[in-house]
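Welcome to this structure! Here are a few notes to read alongside the model, starting with what holds the inside together.

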Amino acid sequence: MAHEMSLSTEGNLDYPYKEFQVYDSTPISVEIWSDQVSVEMHCHRHYEFALITKGSCIHNYRGMQVPLIPGDVFIIEPNQPHGYELQAQINIINCMFFPDQLSDENNQMLKSTVDHQASSYKSGEIKKQWDQLLQYVSMKENAIDGHVREAGLNAQGIIHLNRQELYQVEHYLREMASEQEQKAVNLEYAKSAYLQLILVLLSRVQMSRREKIKGYSDKKRDMIYNALVYIEDHLDEKIDFAMLAEQSYMSPSYFRSVFKDVTGLTPVDYLNRMRVVKSLEYLEMEKSTIAAAAARVGVYDSNYFSRMFKKVMGYSPKYFKSIRE
């Protein structure tokens, strides 16, 4: 369905506030939307996380512009301005929620399932559990090593899910949307349970990645960040990862392992991601042909480029051109 925003100018004087979309009696709302129209910078008083399932956009957040592709998920905390610049058709699933209100619901569920023992579970304790879970997922500043120069994805707290993780999170979100539509009895508990499962999964992905990154020295991490800069500056050339590994004083296999742990993507996946996102600019802004756009990002086989584009975006460059003309 098309994405619609209800905005008010109360609160933050610099950016309008997006209203919480009420679909049922719960403090959780799920929106599944598809659009080609950019979303202006805005704020909201609730938590929100977004999962990109198809297409691409530029996400404006924390003073940075970062390209997003399918599999990217991130959490926006209350009162934090952000927006999307859409270069292509994009499908996003948004989940908005108020943890404070969820605390009471969870407390009631505990009372109904554990009976008299549940009296020991205070609302404040449940709220603390939600806060701790959200802290693991949302990449608050104090959870990031301050002396490490962050890549754009890390600075925005973006988590890139693998195919299985993407399938699982999307499944939970669609189940929440189904509960929201059907309005069956105890839907508040079902939606809350799905939300907890999603946050647990995301927190595990984040913690696993952080533990891996901690195992590397600052020097090795900085070498990977330097490699990222090199890749982005030489997209129109053949990228020799063996050469980058050698310059980083690593074997090719070890370089690949460190690169994936630091960025969440393999070197090839990261390169393909950047090439596809850059090609959107040529296809959209300069109306280049598919072959010309592919060549300008260092891919001279149009068929290979089309396969790469579809793998990243979820649809072909030919389809992209047809909907943007």
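1. A term to begin with: a nonpolar core is a set of buried Ala, Val, Leu, Ile, Met, Phe, Trp, Tyr and Cys residues joined through side-chain atoms within 4.5 Å. Please keep in mind that this is a predicted model.

2. The largest nonpolar core here has 26 residues, and F49, C95, L161, L173, M176 and L195 have the most contacts inside it. At least two of its residues come from each of β3, β5, β8, β10, α4 and α5. The largest share is that of α5, with seven residues.

3. A second, separate core has 21 residues, including Y225, L235, M250 and F255.

4. Stepping back, the protein chain has 12 helices and 11 strands. Of its 325 residues, 50% are buried.

5. Aromatic pairs are worth a tour, and the whole structure has 11 of them. F20 and F98 form a tilted one, 4.9 Å centre to centre with 55° between the planes. These two residues are 78 apart in the chain, F20 in the loop between β2 and β3 and F98 in the loop between β10 and α1. F20 counts as buried because its relative accessibility is 18%, while F98, at 22%, is partly exposed.

6. Finally, look for charges over rings. R45 lies over the face of Y17, 4.2 Å from the ring centre; R296 lies over the face of Y282, at 3.8 Å.

Definitions and conventions:
Residues numbered from 1 in each chain as written. Predicted model: local features only at pLDDT ≥ 70, side-chain atom pairs only at ≥ 80, totals over all residues. Heavy atoms only, no water. Buried < 20%, exposed > 50% of the residue type's maximum accessible area, 1.4 Å probe, protein only. Helix = DSSP H or I, 4+ residues; strand = E, 2+ residues; numbered from the N terminus. Phe/Tyr/Trp six-rings, centres within 6.5 Å; stacked < 30°, edge-to-face > 60°. Lys NZ or Arg CZ within 6 Å of the ring centre and 35° of its normal.
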